[in-house]
Amino acid sequence: QQQQQPMLSASQLKKCKLLASQLTASVSIQLLTTFVRSFLLESNNSRIRSLTRVFLQALNDLGTDSQRERLTELLWSLWPDLPSYGRKAGQFVDLLSCFIASKSDQIAAEAQTHSERAVQLLKTQNRLLARHRNSHIYTSLQGLVEFDGYYLESDPCLVCNNPEVTYQSLKLSSLKSDMKFTTTCQLVKLSGSYSISKFVARISDVRRTKMVRTINLYYSNRTVQSVIELKNKRSMWKQAKSCRLSPGQADMKVDFPLPIVACNFVIEFADFYANYQASSETLQCPRCSAQVNANPGICGNCGENVFQCHKCRSINYDEKDPFLCISCGYCKFARFDFSVTSRPCCAVDPIENEDDRKKANSAINSLLERADKVYKQLVTNREPLERSLADVGESSGETERPIDSETGTQAATSAAAAAAAA
């Protein structure tokens, strides 16, 4: 914003200041506080926090003196809550420092008050770290082994254990746990719940006898044992996009305005370009490679049915020449390569009836049992670690040279093994 301001004309800058003034005046302090908490502190997306920081910086630069003072006091009112936001508070602290630096005319008493508030919070947090029941163990282990986590905590930090996961472009096949086919659909059960922002289809080896005209994309965020359970339940599928392809089109890209959350995904080849010469097409026998007329489709040389799947030899007796093999999904008319830009996310099934409630209770109980088991493992790791560190300390006190005796080495090794187990 600061870089763009000099490029604005006087009238444009005046309009921007008027907009900022009206916006600040029309929003209550409670709503503005909620906005700052939600987007500058609580958001797990660093890009959103950065954009919020730029937006608030612009309000401050374009606002009046009283509006700037109001915004600065709002940030200071949230200062005591910063420890609970951990690394997410970086943009907040940066913004507050800019606000303070821009107030060159602030009185000494006000600056002293703000400095004391900042230093007092840092002292409080440093005391909490120094008095933490596991701090001496972590300090001792850092001199013996390398580790990048605090594995003895039974109450983990909700910020550090909720890292920002970036979107990655992956092949759809790498995310699937199961896949079923119909003559015109690929039904994919994903290995988990994913947030999908982009879908890409690469089409090659296109045969003009049967070219796709329309591709529909559907998704469902309901977890099922097998994706075939949703095959005939259209009400459980939501349409993400319908795409029209030109004849011979080689790729298709879909950017979703809002990422979709999916546990299951369907690619439907809904419509095809008409080809009236397809019935007179000459086909190749999958067994002896002889040329065979499409009608009747039986090889005169070896007697094979030329409409069988070239990959798995399955024959669809309900549809003579399907677009997809219902057994393996092979398509003889084109080759498709699908990829999605996605990231893992957390999603739960909606509870709509008694069966859904029982299923949710069962999942909750299962997760609680796993959490309790892990907690007990963490508790049991503490005692052997303390014993091993005590052995290392005694061995270090008995000799002035580095620990290279058999006893010292074994103690250090046992400490490292215990840390690795933790």
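Ile326 is partly exposed, with a relative accessible area of 41%, where buried means under 20% relative accessible area, exposed over 50% and partly exposed in between, using a 1.4 Å probe and protein chains only. The structure is a predicted model, in which local features need pLDDT of at least 70 and side-chain atom pairs count only at pLDDT 80 or more, while totals for chains, interfaces and linings use all residues. Residues are numbered from 1 along each chain as its sequence is written, and side-chain values use heavy atoms, with hydrogens and water left out.

Ile326 belongs to the loop between strand 8 (291-293) and strand 9 (335-344); helices (H or I, at least four residues) and strands (E, at least two) are DSSP runs numbered from the N terminus. Leaving aside neighbours within four places in sequence, Ile326 is in contact (heavy atoms within 4.5 Å) with Phe181, Thr182, Thr183 and Asn316. The C-alpha atoms of Ile326 and Thr183 are 5.8 Å apart in space, although the two residues are 143 residues apart in sequence.

Thr183 itself is found in the loop between strand 2 (176-181) and strand 3, and Thr183 is buried, with a relative accessible area of 18%. Not counting residues up to four places away in sequence, Thr183 touches Asn316, Glu319, Pro322, Phe323, Leu324 and Ile326.

## The chain as a whole

The chain has 10 helices and 9 strands, and 35% of its 422 residues count as buried. Among the contacts in the chain with a separation of 6 or more, 69% are between residues 24 or more positions apart. The accessible surface, computed by the Shrake-Rupley method with a 1.4 Å probe and with only the protein chains shown counting as cover for residues, comes to about 25800 Å² for the chain, and 52% of this surface belongs to carbon and sulfur atoms.

## Cysteines and disulfides

A disulfide is a covalent bond between the sulfur atoms of two cysteines. Here a disulfide is taken as a pair of cysteine sulfur atoms within 2.5 Å, and a search of the whole structure finds 0 disulfides. Cys325 is in no disulfide, and the nearest cysteine sulfur, that of Cys312, is 3.6 Å away. Cys325 is buried, with a relative accessible area of 8%, and Cys331 also counts as buried, at 10% relative accessibility.

Ser193 lies in strand 3 (residues 185-204) and is buried, with a relative accessible area of 11%. Apart from neighbours within four places in sequence, Ser193 is in contact with Val261, Ala262, Cys263, Arg343, Pro344, Cys345, Cys346 and Ala347.

Asp205 lies in the loop between strand 3 and strand 4 (212-220) and is exposed, with a relative accessible area of 57%. Most residues other than glycine have a negative phi. The phi of Asp205, by contrast, is near 50 degrees, a positive value in a residue other than glycine. Ile228 is placed in the loop between strand 4 and strand 5 (238-244) and counts as partly exposed at 38% relative accessibility; the C-alpha atoms of Ile228 and Lys180, which are 48 residues apart along the chain, are separated by 6.8 Å.

In helix 7 (residues 135-142), Ser135, Ile137, Tyr138 and Leu141 are buried. These residues cover an arc of only 165 degrees around the axis, which puts them on the same side of helix 7; the arc is that of the directions from the helix axis to the C-beta atoms.

Pockets and cavities are found on a 1 Å grid over the protein atoms alone: a cavity is a set of points where a 1.4 Å probe fits but cannot get out, a pocket is an open set with protein on both sides within 12 Å along at least five of seven lines, and lining residues have an atom within 4 Å of a point. Grid points are joined across faces, edges and corners, and a volume is the space filled by probe spheres set on the points. The largest pocket holds about 970 Å³ of space and is lined by 25 residues, of which Leu129, Tyr150, Glu153, Cys157 and Cys160 lie nearest its centre. Helix 6 (108-130), helix 7 and helix 9 (354-398) each supply at least two residues of this lining, and the largest share, 4 residues, comes from helix 7.

## Cavities

The structure holds 4 cavities of 30 Å³ or more, and the largest cavity has a volume of about 180 Å³. Of the 18 residues that line the largest cavity, Phe307, Gln308, Cys309, Pro322 and Cys325 are the closest to its centre.
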